[in-house]
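Subject: Structure for you to look at

Hello,

Here is the structure I said I would pass on.

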2 protein chains.
Amino acid sequence: MVDAEVMKKSAVPKSTTQQILDTAQKFVRSRGYSAFSYADISEEVGIRKASIHYHFPTKTELVRHLVRRYRDTMLGTCDRIAQSSSTAPQQLRDFVALYRCGLGEGQLCLCAMLMADLAVLPPEIQAELQRYVQAVEAWLSDLLQRGYALDPTLGDLESKGLLALLHGAQLRVRIQADSPEAFDRLINPWLDRQFPGP
Amino acid sequence: MVDAEVMKKSAVPKSTTQQILDTAQKFVRSRGYSAFSYADISEEVGIRKASIHYHFPTKTELVRHLVRRYRDTMLGTCDRIAQSSSTAPQQLRDFVALYRCGLGEGQLCLCAMLMADLAVLPPEIQAELQRYVQAVEAWLSDLLQRGYALDPTLGDLESKGLLALLHGAQLRVRIQADSPEAFDRLINPWLDRQFPGP
DNA sequence: GTCTATACGAGGATAGAC
DNA sequence: GTCTATCCTCGTATAGAC
């Protein structure tokens with residue numbers, strides 16, 4: 001979902017490490033933690049399974065890095081939204097729009113997928129995931145407080161609720177062919193009612 | 001989540017087939033499709049891996065039956081709610097309460113979990129899953145139309161949105177220790193605002 | 001119905017050559 | 001950095017005895 005810039009074609013060729021992370025992310029976001037393998041990455045990147053272990057010694061390390069990178073990218077994007085000259089309602093819509101990205105290819109938010117896989121994740125990855133959720137909720141809560149004059153308690157609650165709705169909507173639209181549009185139809189009425197604007 | 005009656009202790013001993021389904025359901029709801037195995041069931045039921053194939057020849061068949069049974073149980077429970085003498089707002093709250101069950105043990109709604117695993121599910125299971133979603137949404141849409149004078153289009157939309165919220169909230173509360181209470185804190189304010197009540 | 005035994009592939013990981 | 005070769009474990013599934 002926030003890999004638009006990561007995946008962008010560029011003149012400078014991507015390092016193997018980057019390619020591995022990008023490919024792994026694509027697979028985790030569509031299949032989940034247990035159902036993707038070094039063999040999948042190997043095939044796409046054009047490198048042998050064993051070579052991947054040079055860059056990431058274990059699957060745990062690979063996915064841990066993945067979540068960390070995803071969080072950094074996401075928070076960077078959020079900060080750019082927050083520092084734009086848009087109104088708060090528009091910023092909220094820019095944020096929500098991030099959750100449309102990848103839906104067409106059957107990809108969920110990386111961390112929504114990993115939340116479903118939580119029970120089988122090594123503790124290191126669970127910890128990284130918690131930091132992600134905490135950070136995004138804090139950012140969103142802040143936006144809602146600023147934009148809609150909510151007190152911190154209510155801001156926290158509403159941000160959790162909105163994120164739950166976004167994650168749930170991503171799950172839902174996968175089982176239909178018409179993914180990104182269905183997502184908007186689901187989210188927009190709720191958004192306009194709850195947080196009018198822009 | 002709707003296995004309260006299935007899991008209930010009873011004087012009549014459960015058939016092996018039932019025990020396999022119950023155990024499989026527990027594992028799918030916490031770990032997902034790819035991360036549970038015949039070995040897991042074998043250990044809990046006290047039967048050899050190979051013996052499970054007598055009851056369900058393939059994993060696909062096993063999970064297909066699981067989803068079908070889950071849907072039947074769920075719709076049965078929904079019908080009992082609909083035929084009760086409660087007001088519609090109370091019926092809505094009874095329905096939402098179903099989604100609390102299992103959270104304490106780290107279990108999601110079976111079909112929320114399988115929606116996350118959609119990309120790796122055999123087509124037979126995907127089809128069964130679609131029927132589940134369609135049926136529950138139809139039931140909920142009907143309740144909302146009756147209880148809150150919504151037209152069918154809006155009822156459908158709101159039912160999809162509410163289910164997305166419920167599924168997303170289930171994902172969210174797993175990453176905290178305080179599961180079922182956190183679920184209520186997340187859901188109830190939204191529910192009271194959107195569908196006042198009882 | 002349940003068992004033992006086994007086939008066969010896939011998955012994560014390591015050693016050592018280049 | 002990447003390769004080949006290999007190890008070991010686990011997963012689904014089958015055959016055939018009891």
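Predicted model: local features only at pLDDT ≥ 70, side-chain atom pairs only at ≥ 80, totals over all residues.

Residues are numbered from 1 along each chain as its sequence is written, while chains are lettered from A and ligands numbered from 1 in the order in which they are written.

The two chains. Chain B superposes on chain A by a rotation of 180° with 0.0 Å of shift along its axis, at an RMSD of 0.0 Å (least squares on the C-alpha atoms of residues with pLDDT of at least 70 in both). That is the relation of a two-fold axis. The contact takes 33 residues from each of chain B and chain A; two residues are in contact if their C-beta atoms, placed from the backbone, lie within 7 Å. On the chain B side, helix 9 gives the most, with 12 residues. This side divides into 20 nonpolar, 8 polar and 5 charged residues (nonpolar: Ala, Val, Leu, Ile, Met, Phe, Trp, Tyr, Cys and Pro; charged: Asp, Glu, Lys and Arg; polar: the others, Gly among them). The copies meet through the same surface, because 100% of the interface residues of chain B are also interface residues in chain A.

The DNA. For DNA strand D, the closest of 15 surrounding residues are Arg48(A), Ala50(A), Ser37(B), Ala50(B) and Thr58(B).

The annotation. An unreviewed UniProt entry lists residues 14-74 of chain A as "domain: HTH tetR-type"; such annotations may be inferred rather than shown by experiment. Over those residues chain A is 77% helix.

The core. Among the 103 residues of the largest nonpolar core, those touching the most other members are Val67, Cys111 and Leu114 of chains A and B. A nonpolar core joins buried Ala, Val, Leu, Ile, Met, Phe, Trp, Tyr and Cys residues through C-beta atoms within 7 Å, buried meaning 20 or more other C-beta atoms within 10 Å of a residue's own.

Regards

Key:
Helix = DSSP H or I, 4+ residues; strand = E, 2+ residues; numbered from the N terminus. Near = placed C-beta within 6 Å. Buried ≥ 20, exposed ≤ 12 C-beta atoms within 10 Å, placed from the backbone.
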